[in-house]
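Dear colleague,

Please find the structure below, handed over for your records. My findings follow directly after it.

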Amino acid sequence: EAALQALAQVVERAGGPGTLQPDEVRAQALRAEALLQLRRDGEARVAAQAAIDRLAASGLRPYYAALEADALLPLGRALQREGQFELACAALESAVTLRRASLGERSPYLAEARAAQAECLAERARAGGAGGPRAERRQ
């Protein structure tokens, strides 16, 4: 909880509307990770999506591939926990692609994204296909 409060302060100070503040996006991605640790999956999904949306709205998204990957990873994990396997695996695939392009094949951060993607694909297969039974219950 203390980490979430500290990250909220970073987001509040980061900047005004219309300007991309990488620290704000990074704080949102870290907030999403912290929320996942607390098993607050819905809040984590919202925080990660907010970081991605902030990048997309800035027009500078292509220049911040690693930062986008940092937000896609908790987004994918949150979606996976919610049983939305197709969306989760797509987000994690994007995280792998972006980390490979921005950090290189030998990056431990790429390995982390690949492991998350493999876990998602395996869980999706165990659940019986692209959406899985948990996703069907939500519809």
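In this predicted model, helices H5 and H6 are roughly antiparallel to each other, because their axes cross at an angle that falls in the class over 145 degrees. Helix H5 covers residues 85-103 and helix H6 covers residues 108-127; their axes come within 9 Å and cross at roughly 160°. Axes here are lines fitted to C-alpha atoms, for helices over the stretch in contact, with angles running from 0 to 180 degrees between N-to-C directions. Helices are DSSP runs (H or I, at least four residues) numbered from the N terminus. The crossing of H5 and H6 is left-handed, that is, the near helix is turned anticlockwise from the far one by less than a right angle.

Contact between the two helices (heavy atoms within 4.5 Å) involves, on the H5 side, residues including Phe85, Cys89, Leu92, Val96 and Leu103. Among the H6 residues that they meet are Tyr109, Leu110, Ala113, Cys120 and Leu121. By class, the residues of this contact comprise 14 nonpolar, 1 polar and 8 charged. Nonpolar covers Ala, Val, Leu, Ile, Met, Phe, Trp, Tyr, Cys and Pro; charged covers Asp, Glu, Lys and Arg; the others, Gly among them, are polar.

Ala95 is found in helix H5 and is buried, with a relative accessible area of 0%. The term buried means under 20% relative accessible area, with exposed over 50% and partly exposed in between (1.4 Å probe, protein chains only). Leaving aside residues up to four places away in sequence, Ala95 touches Ala69, Leu72, Leu73 and Ala113. Ala95 and Gly76 are 19 residues apart in sequence, and their C-alpha atoms are 8.7 Å apart.

Ala69 lies in helix H4 (residues 65-81) and also counts as buried, at 0% relative accessibility. With residues up to four places away in sequence again left out, Ala69 touches Ala95, Leu98 and Arg99. The C-alpha atoms of Ala69 and Glu93 are separated by 9.7 Å, and these residues are 24 apart along the chain.

Glu24 has its place in helix H2 (residues 22-37) and counts as buried at 13% relative accessibility. Its side chain makes a polar contact with the side chain of Arg54 at 3.0 Å. A polar contact is a pair of N or O atoms within 3.5 Å; within protein, one must be able to donate a hydrogen and the other to accept it, and residues adjacent in sequence count only if both atoms are side-chain atoms.

Residues are numbered from 1 along each chain as its sequence is written, and side-chain values use heavy atoms, with hydrogens and water left out. Local features need pLDDT of at least 70 and side-chain atom pairs count only at pLDDT 80 or more, whereas totals for chains, interfaces and linings use all residues.

Technical notes
Angles under 35 degrees count as roughly parallel, over 145 as roughly antiparallel, 65 to 115 as roughly perpendicular and the rest as oblique.
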